[in-house]
Amino acid sequence: MKREQLLDAIGFINDEAVRDAKAYQSPKRHYGSRVFVIAAAIMLLTSTAVAAVWMLLQASDIAERKGDYTLSDAFDSEKAISINESITSEEYTFTLLAIVSGDGISDYIGSAMQRQPERTYVVLAIQNADGSPIQKEDLFDLTNNFMVTPMIRGVKPWVVNAASMGGSFSDSLVDGVVYRLVECDSIMIFANRGLYLGVCAEPFINRDTFKFDESTGEITVNPDYPGASAVFELPIDASHADPEQAEQYLERYEELAE
Amino acid sequence: MEDDSIVNLYWARSENAISETSKKYGDYCYSIAYGILGNAEDTAESVNDTYLDAWNSMPPHRPAILSTFLGKITRRISIDKWRKQTAEKRGSNEITLALDELDECIPTKRSVEEEVELAELAKVIDRFVMSLPPVQRRVFICRYWYLDSISAISQQFGFSQSKVKMMLHRQRMKLLGILEKETNIL
């Protein structure tokens, strides 16, 4: 076989795929350029703290750096939801990059997967709000004292969070930015309830970490919380929900919730 | 003008078919040819040959996707032209680089002289490409069908160049595995 035969054979790839490849324009590319313009305007008008958003790595880059190519592909696929939203609290800016859920979307197999093969993966970037790079020696503190967790509207976050949902995480420090990759049981089954991603400056969530409204189920930042914290609303289509499975899933927490 | 109307012009043997094709798909064909040949004069010649070939092909053909139909002609004509030129002298354009990369996909057990049936090989490649996740498939096609440069692909997809290179490398290794298995049957 000659390499030029390969080149000729590639010429017979089906027409629709060939047309689709050229027609495709990455939404990330468009988003990036829009963010660039906004960021540049902010830089000119105010501080430089927020302007670094467009420079962040993508969630797929983080997965690839961890050698998880399947997860990297999943973050690049249509299944992923690209968010790129930032919240500054105290001395940190948190940027939620992307979220993806599914079965078999990681090269790594953990014990939690045997119980719940459908997993959710989220990547969040943590930057110093003043624009200075996070130092290597600060990584230990951040890793041990920050929690990033999905939360479900109407469900007490100190009961159901990443720690109780078969969760794990890993941090990478790249160019002064900490990227946290969080994995837990899939949250898609709760999509019709409303979902959040919470960030707080402690390793576990207690009753006072976030404000939980018993009547509406809303979870928001607690204004009295003594540290950096943020709550992102996750834009997940309610059609992904599986209310029956969601009920079953939550049954195991009922005793704890009392 | 709609593609169907352009195809009808070919079938009616109207000379407007060429001008309408040029208006709508001239740039598309030019970019494919230029990626392969790398110079304006040869590219223009390839694009004109594409129109002639299209004129001779319709009828009897009535392509479902006119753009890809024309693109395939341009690609074939340009690669043939490149082969003639490089029989004398090898350049360093995208096709040379892409061919060097495709070397990695050739199973070592087979002699380089040994040829396999093109149609069978095309089926294997098509199955492989269609089995890739959509984004990967698009990247593969842009690199090895359109012969786009790595930097052009990274811009189109919003990926870093190293990510595109890594993705293509993994695809070539996967293709090598498939060809090693499948070409024993071919």
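This is a predicted model: local features need pLDDT of at least 70, side-chain atom pairs count only at pLDDT 80 or more; totals for chains, interfaces and linings use all residues.
Two cis peptide bonds were found in chain B. The bond from B:Met58 to B:Pro59 is cis, with omega near -10 degrees. The bond from B:Pro59 to B:Pro60 is cis as well, with omega near 20 degrees. B:Pro59 belongs to the loop between helix H3, residues 40–57, and helix H4, residues 66–86, of chain B. B:Pro60 is placed in the loop between H3 and H4 of chain B.

Positive phi angles were then examined. In chain A, A:Asn84 is not a glycine, yet its phi is positive, at about 50 degrees. A:Asn84 is part of strand S1 of chain A, which spans residues 81–89. This residue has 19 C-beta neighbours inside 10 Å and therefore counts as partly exposed. The cut-off for a buried residue is 20 or more other C-beta atoms within 10 Å, and that for an exposed one is 12 or fewer.

In chain B, B:Leu147 also has a positive phi, of about 60 degrees, although it is not a glycine. B:Leu147 sits in a loop of chain B. B:Leu147 counts as buried, because 27 C-beta neighbours lie inside 10 Å.

A:Asn84 is partly exposed, whereas B:Leu147 is buried.

Notes
Residues are numbered from 1 along each chain as its sequence is written. Chains are lettered from A and ligands numbered from 1 in the order in which they are written. Helices (H or I, at least four residues) and strands (E, at least two) are DSSP runs, numbered from the N terminus.
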